[in-house]
Structures are given as structure tokens and as C-alpha cells.
Amino acid sequence: LQNGLRHNNYLQYRKYCANRLKTLRKKLKVSHRGPKKARTHSKPTATPTKTAKTRKTPHQHSYGFKQHRLKPNFEHPQYPLLALVNAERAWAYAMQLKQDAEHVDNPRLKFHSLQRLRKAVYWSRKLKDLANARGDERTSLECDAYAAWLIGSVEVECDRWTTALEHFVQTETIYKQLLRVSSVVEQDLYSRRMKDAATQIGFIQYKIDLNHGKGSSAGLIAKMANTGSGGLGLLQSKLEHVLKEERRKNASTLYRVEWCGHFIPIDNNQVRMVILQAKESATRLEQLVAADPESAEFEEVFFELMSRFDDAQQLVERDITNVSKVSLKANEAKLQMELLKSYIKSSKLELVMRKNAAMIRVYAERWHQLQRDFGRPRDSANTQPRVRATAVVKLHDTLLQNIADAQALTGST
């Protein structure tokens with residue numbers, strides 16, 4: 001990154017935010033320029049001579065200051081970035097002053113840093129209001145987590161540990177739930193934010209236990225979870241709404257699949273169509289398994305379904321080979337495709353296991369019936385082949401091997 005944030009160069013990041021803010025204001029035609037004011041110049045007292053050259057002063061104008069307030073009825077999608085970049089600039093300035101205070105014995109730097117953090121909280125709340133007014137539930141949740149993080153940081157600087165704990169617990173809860181409906185790249189980002197929040201929570205718990213006795217912080221967290229304090233009650237309803245909305249969208253479009261805790265996006269339309277067709281065939285296969293797993297129709301649907309998954313796997317493998325190695329996000333994209341490939345293999349293994357389990361059930365019933373009819377003459381109307389014990393054992397061995405193969409897939413653990 002060229003903004004300095006990766007190397008904790010907060011001065012460079014603050015300059016980046018200032019330039020970004022200037023670009024945004026110019027693009028969105030948002031400025032603090034007020035109406036023009038005429039500037040009057042006093043006339044010179046001395047009378048100029050004839051030989052001296054006189055210079056006329058032009059009628060100049062100056063602009064007044066008129067603060068632009070963020071409005072919720074915006075149209076441009078980048079308008080909320082004004083609040084976000086302002087918050088990031090104030091936060092970067094606070095972190096820069098905090099770094100300087102470590103090397104200089106000046107209490108004023110700490111006070112100034114706290115003021116800039118409060119300014120960042122102010123802009124984060126503005127961003128939160130804009131998201132609640134025009135954004136969807138997921139965007140609103142992300143802004144809630146961002147605002148809660150900054151508020152918790154201010155409370156930590158002021159040594160208000162209980163309030164800080166509430167806000168950091170709220171941040172951790174939001175990111176933990178958003179992990180369930182995120183792509184691999186987003187999951188990595190949310191996981192890092194969760195770890196940072198967990199570090200802050202651990203430090204705050206230590207301070208609370210030090211002041212109020214061991215175990216006090218754990219009781220506070222349990223009380224927040226039970227009573228829904230700190231906005232957790234409203235937060236939980238938002239989270240449930242986001243999860244329902246994601247499931248509803250995914251049911252019709254299948255833009256991502258959930259497997260072993262991973263939410264894997266499907267960017268290739270051909271792969272998406274093949275998997276959708278395979279899911280339709282899987283519903284028919286479930287009915288045939290319950291009826292007769294040895295029927296010719298079951299075999300036809302089963303092999304058709306396996307063929308569709310094979311086609312999807314080939315398409316994903318082709319996409320993996322075509323991933324650009326010079327791209328900055330090549331590793332993330334390749335990881336997503338590897339997980340999608342594992343999902344397809346897991347689906348194929350699941351079909352084979354269901355078929356083998358159904359055949360084990362059928363063979364076991366025939367074996368028990370054969371044991372009950374031992375010594376009796378065979379019914380001529382019974383055309384079913386005899387079942388050997390070795391066939392049942394072989395199916396069990398195959399089933400165990402399928403389970404081992406499924407556990408060895410990438411991302412299964």
C-alpha cells in the first residue's frame with residue numbers, strides 16, 4: 001500500500017486522506033465556499049506625479065466560509081465516503097500524535113490526540129446516520145461496528161473501562177456474525193478485526209478485574225449478552241435480518257455457497273448454472289433413493305448428476321490455471337477457487353455416500369431376511385439376487401474411504 005498505513009506511518013496516511021477528501025469534494029461538487037464578498041481598497045493619500053506610473057487596483061472578490069452539512073438525501077454512491085475519509089483523517093492524526101507523545105514529554109500531545117479521536121467518533125456517527133438512512137442492513141452493521149470501535153477507543157483513553165468493554169464486545173459480535181455471510185477475502189478482513197477487538201477486550205478485562213476483583217469482567221459480558229445492553233438487542237435483530245436476506249438472495253441466484261464454515265462466491269456464470277442444475281437433479285435423486293436405490297431411473301439420475309459436478313469441477317480447474325500470477329489478489333482468488341473445487345468434490349462424495357448408505361440398508365434387509373428364511377425352500381416369485389456378507393462389508397469399507405476423502409479436502413477442517 002502507498003498510503004503508509006501498513007507501516008504505521010500515520011502522517012503519510014493523514015496526507016493521503018486529505019488528498020482523497022479533496023478529490024471527493026471536487027468530484028461531488030461539495031465545498032465550504034460561501035458567497036462572494038467584494039473587497040474594497042483604500043485610495044492612496046499621496047497624489048501621484050505625472051511621471052510616475054499609476055497602477056489600477058482591480059475590483060477583487062473573496063469567498064466567505066459556509067460549512068457544508070452532510071445530507072441524508074444524497075444521490076451519488078460515493079457521498080458517504082466524505083464522512084468515512086474525514087473520520088479516517090482524524091483517527092490518523094490522533095495516532096500520529098500518540099506516537100509523538102511516546103518520544104516527547106508533553107501532556108498537550110495526549111490531550112490533542114484525544115480531541116482528534118473524538119472528532120473521528122463524530123464523523124463515524126455521521127457515517128452511521130447516512131448508512132441507516134440510505135444503506136442496506138449489512139452496510140449499516142459495518143458502520144455500527146466501525147463507530148463502536150472508535151467510541152471504544154475513546155473510552156479506553158479516558159479509562160472508562162465498562163463503557164469501552166460494551167462497545168468492543170458489540171464490535172466483535174458484529175464481525176463474528178458477518179463472517180457467516182462473507183467471501184474469503186472479507187472473512188480474512190473480518191477475522192483480523194475480530195482479533196484486534198479480542199485483544200482490546202482482553203486488556204479491558206484485565207483492568208476491570210484489577211479494579212473490581214477477579215471475575216468482574218466476565219460477569220459484565222454475561223450481563224450484556226443476557227439483557228441486550230450496549231445496543232446488543234437491536235444489533236441482534238439487524239444481524240438476523242441480514243442473515244435472512246442473504247439466504248433469500250442466495251436461494252434464487254446462488255452467488256455463493258456455504259461449506260464447512262466458508263462462504264464461497266461463485267463468479268463464473270457457467271459454474272453457477274451447472275451447480276443450480278445439479279441441485280435440481282439432487283432433489284429428484286432424494287426421492288428415488290427413498291423409493292428404490294436399485295432402479296434404472298435412479299442410476300440414470302445419479303450418473304447425470306455426477307456428470308454435472310464433473311463439468312463444474314473442470315470449469316473451476318480451468319479458472320484456477322487462468323488466474324493471473326501478477327495480480328495482487330491472485331492468492332485470494334485462487335484460494336476461493338480451491339475452496340469451490342473442494343465443495344464440488346465434497347458434493348460428489350456426499351452423493352456416493354448416500355448411495356452406498358442406501359445400498360447398505362437394502363442389503364442388510366435382504367441379509368436378515370435370508371437368515372430368517374434359512375432352511376426354507378426359496379420362493380419362485382422372489383427374483384432378487386442373493387446377498388453375500390462380503391458385499392455388505394465392501395460397501396462399509398467404501399463408505400469409510402469416502403469419509404476419509406471428504407475430511408482430506410482443502411478447507412474441510
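In the predicted model, the axes of helix α2 and helix α4 (residues 137–157) come within 13 Å of each other and cross at roughly 25°. This angle makes α2 roughly parallel to α4, since angles under 35 degrees are placed in that class. The crossing in which α2 passes α4 is left-handed. On the α2 side, the contact is formed by Leu84, Ala87, Glu88, Trp91 and Lys98; on the α4 side, Tyr146, Leu150 and Glu157 take part. Sorted by class, the contact of α2 with α4 contains five nonpolar and three charged residues, and no polar ones.

Helix α2 (residues 81–101) also packs against helix α1 (residues 10–28). Here the angle is about 160° and the axes lie 8 Å apart. Helices α1 and α2 are therefore roughly antiparallel to each other, the class that covers angles over 145 degrees. Helix α1 passes α2 in a left-handed crossing. The residues that α1 brings to this contact are Tyr10, Leu11, Tyr13, Arg14, Cys17, Ala18, Arg20, Leu21, Leu24, Arg25 and Leu28. They meet Leu81, Leu82, Val85, Asn86, Glu88, Arg89, Trp91, Ala92, Tyr93, Met95, Gln96 and Gln99 of α2. The contact of α1 with α2 divides into 15 nonpolar, three polar and five charged residues.

Two residues of α2, Glu88 and Trp91, are listed in the contact with α1 and also in the contact with α4.

Gln96 belongs to helix α2 and is one of the residues of α2 in the contact with α1. With a relative accessibility of 13%, Gln96 counts as buried, because the limit for that class is under 20%. When residues up to four places away in sequence are not counted, Gln96 touches Tyr10, Leu11 and Arg14.

For the protein chain as a whole, twelve helices and four strands are found. The chain has 413 residues, of which 37% are buried. Of the contacts in the chain with a separation of 6 or more, 68% are between residues 24 or more positions apart. The chain exposes about 26,300 Å², and carbon and sulfur atoms supply 52% of this area.

How values were computed
Residues are numbered from 1 along each chain as its sequence is written. This is a predicted model: local features need pLDDT of at least 70, side-chain atom pairs count only at pLDDT 80 or more; totals for chains, interfaces and linings use all residues. Side-chain values use heavy atoms; hydrogens and water are left out. Axes are lines fitted to C-alpha atoms, for helices over the stretch in contact, and angles run from 0 to 180 degrees between N-to-C directions. Angles under 35 degrees count as roughly parallel, over 145 as roughly antiparallel, 65 to 115 as roughly perpendicular and the rest as oblique. A crossing is left-handed if the near helix is turned anticlockwise from the far one by less than a right angle, and right-handed if clockwise. Contact means heavy atoms within 4.5 Å. Ala, Val, Leu, Ile, Met, Phe, Trp, Tyr, Cys and Pro count as nonpolar, Asp, Glu, Lys and Arg as charged, and the others, Gly among them, as polar. Buried means under 20% relative accessible area, exposed over 50%, partly exposed in between (1.4 Å probe, protein chains only). Accessible areas come from the Shrake-Rupley method with a 1.4 Å probe; for residues, only the protein chains shown count as cover.
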